[in-house]
Amino acid sequence: MLEFNLREIATVGMVLFAVIDIVGSIPIIINLRAKHGHIESEKASFVAGLIMIVFLFIGEEFLSLIGIDVHSFAVAGSFVLFFLALEMILGIHLYRDEEANSASIVPIAFPLIAGAGTMTTLLSLRSQFHTINIIIGIILNIVLVYFVLKSSGKIEKMLGKNGLGVVRKTFGVVLLAIAVKLFAANVKGLFA
């Protein structure tokens with residue numbers, strides 16, 4: 001039975017928005033566009049969405065195959081989210097992938113949009129929310145990612161450097177609170 005829930009969709013959408021951090025990634029996108037020329041926004045958005053939806057469905061089975069339960073993965077994911085939030089709030093870089101030669105698929109679709117933090121978040125969300133609401137949250141975020149990729153230059157001019165910094169830090173605090181909530185909700189499952 002499909003369990004549409006606007007509150008779940010909004011929560012999932014906001015969590016993914018904070019983790020993907022497409023607005024905070026605008027400087028990276030602008031830099032990649034300058035280095036590699038045109039970025040195929042449609043291709044990057046579609047591939048990132050496909051990766052996220054596929055992982056949402058096979059991620060749990062993959063974990064079972066290697067002997068890890070969803071609660072353990074969610075707790076581990078809460079630590080990843082915690083460190084991502086610290087990066088956003090404090091402006092530090094704990095981890096960054098090396099740049100690739102192409103831009104649309106690597107590094108924009110993966111790992112910039114559908115990276116390790118996003119994958120961890122999806123499985124963590126799956127332990128708390130209905131799948132249909134997560135898929136809708138993914139689609140809403142991919143639509144937003146597409147528009148941001150298409151208009152990254154205009155957004156940068158509109159917000160300015162300080163505006164982008166404020167948005168990034170605000171979503172860092174939201175992400176930090178989400179990490180704490182995911183940890184609290186799943187740590188009990190480790191000992192059940």
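User: Is Phe83 buried, partly exposed or exposed?
Analyst: This is a predicted model, where local features need pLDDT of at least 70, side-chain atom pairs count only at pLDDT 80 or more, and totals for chains, interfaces and linings use all residues. Residues are numbered from 1 along each chain as its sequence is written, and side-chain values use heavy atoms, with hydrogens and water left out. Buried means under 20% relative accessible area, exposed over 50%, and partly exposed in between (1.4 Å probe, protein chains only). Phe83 has a relative accessible area of 43%, so the class is partly exposed.

User: Which geometry does the ring pair of Phe82 and Phe83 have?
Analyst: Rings of Phe, Tyr and Trp (its six-membered ring) pair if their centres lie within 6.5 Å; planes under 30 degrees apart are stacked, over 60 edge-to-face, the rest tilted. Phe82 is partly exposed at 32% relative accessibility. The centres of the Phe82 and Phe83 rings are 5.5 Å apart and the planes stand at 80°, so the pair is edge-to-face.

User: How many aromatic pairs does a search of the whole structure find?
Analyst: One of them joins Phe79 and Phe183, with ring centres 5.7 Å apart and planes at 65°, so this pair is edge-to-face too. Phe79 is partly exposed at 44%, and Phe183 is partly exposed at 32%. The search of the whole structure gives 3.

User: How many residues apart are Phe79 and Phe183?
Analyst: Helices are DSSP runs (H or I, at least four residues), numbered from the N terminus. Phe79 sits in helix H4 (residues 70–90) and Phe183 in helix H8 (residues 152–187). The pair links distant parts of the chain, and the separation is 104 residues.

User: How are H3 and H5 oriented to each other?
Analyst: Axes are lines fitted to C-alpha atoms over the stretch in contact, with angles from 0 to 180 degrees between N-to-C directions. Under 35 degrees is roughly parallel, over 145 roughly antiparallel, 65 to 115 roughly perpendicular, the rest oblique. Helix H3 (residues 41–65) and helix H5 (residues 104–113) pack at about 40°, axes 9 Å apart. H3 and H5 are therefore oblique.

User: What is the phi of Asp21 near?
Analyst: Most residues other than glycine have a negative phi. Asp21 lies in the loop between helix H1 (6–20) and helix H2 (26–36), and is buried at 9% relative accessibility. Its phi is positive, near 50°.

Note on methods. Helix = DSSP H or I, 4+ residues; strand = E, 2+ residues; numbered from the N terminus.
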